[in-house]
Amino acid sequence: MPQPLVRPLTPQDRAACLRIFLSNVPDFFLPTERADFETDLNETPQYLVVEIEGEVVACGGVALDDDMQTGFFVWGMVARERQGQGLGTVLVDARLRLLRDLGARRVCLDTSQLTAPFYERLGFEVRQRTPEGYGRGLDRLEMERAL
């Protein structure tokens with residue numbers, strides 16, 4: 001596989017990010033989450049994309065809490081057809097570096113039971129679980145790790 005390039009989101013990437021989101025519906029995201037994703041995509045200042053040979057194949061952002069010590073992952077995802085190629089780890093590593101550079105000391109995220117094992121392998125721990133917290137069949141797990 002060619003080397004992935006991680007770079008900041010540009011306005012031209014928005015359609016590709018929406019395509020990535022839609023490729024993960026309904027298994028990882030509910031159709032009703034599309035509007036929230038589009039809003040956050042437009043309003044998250046620290047949003048990254050991963051591209052391979054000019055094609056955007058993954059995306060995800062970060063945000064900081066008011067305390068400037070706690071970072072958050074915002075809408076991370078890999079195109080369905082590219083999952084299992086290590087791109088999720090590339091994206092997580094880039095977002096962790098970005099949060100460290102911004103001064104965060106810990107990072108939090110919420111995800112479903114489907115992707116929680118991936119994050120656990122990267123050092124995240126479950127802090128809270130809400131059965132069907134996203135909707136039918138999708139539990140909401142709040143996870144955290146130190147930077």
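Modeller: The largest nonpolar core has 17 residues, of which Cys-17, Phe-21, Phe-37, Tyr-47, Cys-59, Trp-75 and Met-77 touch the most other members. Such a core is a set of buried Ala, Val, Leu, Ile, Met, Phe, Trp, Tyr and Cys residues joined through side-chain atoms within 4.5 Å; buried means under 20% relative accessible area, exposed over 50%, and partly exposed in between, for a 1.4 Å probe and protein chains only. At least two residues of this core come from each of α1 (14-23), α2 (34-43), β2 (46-52), β3 (55-64) and β4 (70-78), and α1 gives the most, with five residues. These helices (H or I, at least four residues) and strands (E, at least two) are DSSP runs, numbered from the N terminus.

The model is a predicted one: local features need pLDDT of at least 70, side-chain atom pairs count only at pLDDT 80 or more, and totals for chains, interfaces and linings use all residues. Residues are numbered from 1 along each chain as its sequence is written, and side-chain values use heavy atoms, with hydrogens and water left out.

Leaving aside neighbours within four places in sequence, Trp-75 is in contact (heavy atoms within 4.5 Å) with Phe-21, Phe-29, Glu-33, Asp-36, Phe-37, Asp-40, Tyr-47, Cys-59, Gly-60, Gly-61 and Arg-95. A second, separate core of 16 residues includes Ala-94, Leu-99, Ala-116 and Met-143.

The axes of α1 and α2 lie 11 Å apart, at an angle of about 150°; axes are lines fitted to C-alpha atoms, for helices over the stretch in contact, and angles run from 0 to 180 degrees between N-to-C directions. The helices α1 and α2 are therefore roughly antiparallel to each other, a term for angles over 145 degrees. On the α1 side, Arg-14, Cys-17, Leu-18, Phe-21 and Leu-22 meet Arg-34, Phe-37, Glu-38, Leu-41 and Asn-42 of α2.

Leu-22, in helix α1, counts as partly exposed because its relative accessibility is 41%. Pro-26 is found in the loop between α1 and α2, and the peptide bond from Val-25 to Pro-26 is cis, with omega near 5°. The loop between β2 and β3 holds Glu-53, which has a positive phi of about 50° although it is not a glycine. At 70% relative accessibility, Glu-53 counts as exposed.

Methods. Angles under 35 degrees count as roughly parallel, over 145 as roughly antiparallel, 65 to 115 as roughly perpendicular and the rest as oblique.
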